[in-house]
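Visitor: I would like to go through some of the labels attached to this structure. Please set each one against its criterion.

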Amino acid sequence: MSIKLSNIYHTYSKGTPFERLALQDVSVAIAKGEIVAIIGHTGSGKSTLVQHLNGLLKPDKGTATIDDIDITAKGQQAKAARQQVGMVFQYPEHQIFAETVFEDIAFGPRNKGFNEEEVAKAVREAMEFVGLDYDTYAERSPFQLSGGQMRRVAIAGVVAMNPDYLVLDEPSAGLDPRSRNAVFREIMALHKSRGIAIVLVTHSMEEAVKYANRMLVINGGQVLFDGEPAGIFKEHGDELVQVGVDVPQVYKLADLLRHKGMTLPEGIKDEMALVKAIKQAKGWK
């Protein structure tokens with residue numbers, strides 16, 4: 001199974017003085033089970049790209065398919081294909097609208113055609129998955145929750161639809177470190193338990209390195225690099241800086257220590273791994 005964008009072009013405000021080419025000749029395939037980070041500076045085209053993955057935006061030119069089904073077409077088959085891609089927007093708590101947590105999470109499954117018994121089961125399982133106790137939160141207003149809890153409600157609403165692909169646009173934006181770590185634990189657990197593909201739009205290079213096994217670098221509406229994060233950061237560090245993308249601090253520090261003679265393994269993804277590698281290199285316990 002895969003989503004394929006082939007030679008996609010997209011222009012905003014076409015035919016007006018504000019016309020802007022947001023994507024140009026973009027071709028990307030994302031298979032079920034991948035974890036793909038999409039990075040780039042503000043205005044590079046990241047969000048425009050992911051909105052083509054489930055038909056929210058239609059290309060001016062090119063095709064968008066899921067398992068060879070044109071998701072820009074009309075009809076039940078295209079609708080069913082689009083529903084396999086769940087999307088959580090940046091600041092998803094702004095999308096919450098229902099009076100209770102239960103009703104907000106239930107909206108997607110109902111729209112997908114679940115009966116009420118299936119809806120109740122899906123809501124309960126999704127809340128359990130994102131760490132929200134059903135008895136405590138189901139009948140509570142989502143607007144009385146913390147920012148991190150509201151983010152979980154939004155993710156639960158997508159999880160309840162049982163998609164094959166989950167697109168998250170800046171899922172950690174505005175969250176404190178504890179809430180951010182909790183959200184990512186749930187995202188990675190979902191990937192592990194269901195084999196769901198995760199597409200992560202992020203400004204955080206640290207998040208891209210830590211969680212993704214593939215990274216797309218977008219610049220000027222085009223895919224500049226596509227590959228394994230560590231390899232891209234190592235081989236194209238100077239080019240990334242030129243297009244407004246910085247190399248993660250953990251990579252910079254590891255490279256500095258190597259230049260000073262310390263033997264460290266490649267592929268260090270976070271601070272804990274770096275500390276462990278330094279201890280091993282120094283023979284510390």
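Guide: A salt bridge is a side-chain nitrogen of Lys or Arg within 4 Å of a carboxyl oxygen of Asp or Glu. The model here is predicted.

Visitor: What makes Lys32 and Asp164 a salt bridge?

Guide: The closest N and O atoms of Lys32 and Asp164 are 3.1 Å apart, and the cut-off is 4 Å, so the pair qualifies. Lys32 lies in the loop between β2 and β3, and Asp164 in the loop between α6 and β7, so the pair ties together parts that are 132 residues apart in sequence.

Visitor: Why is Asp164 called buried?

Guide: Asp164 has a relative accessible area of 12%, and buried means under 20%, so the label applies. Lys32, with 36%, is partly exposed.

Visitor: How do you know that Glu266 and Arg258 form a salt bridge?

Guide: Their closest N and O atoms are 3.9 Å apart, and the criterion is within 4 Å, so the pair counts. Salt bridges that share partners join Lys234, Asp255, Arg258 and Glu266 into one network.

Visitor: What makes Arg214 buried?

Guide: Arg214 has 13% relative accessibility, and the limit for buried is under 20%, so Arg214 falls in that class. Arg214 lies in strand β9, and its side chain reaches the backbone oxygen of Ala29 at 2.7 Å.

Methods: Residues numbered from 1 in each chain as written. Predicted model: local features only at pLDDT ≥ 70, side-chain atom pairs only at ≥ 80, totals over all residues. Heavy atoms only, no water. Helix = DSSP H or I, 4+ residues; strand = E, 2+ residues; numbered from the N terminus. Buried < 20%, exposed > 50% of the residue type's maximum accessible area, 1.4 Å probe, protein only. Polar contact = N/O pair within 3.5 Å; in protein donor to acceptor, adjacent residues only side chain to side chain.
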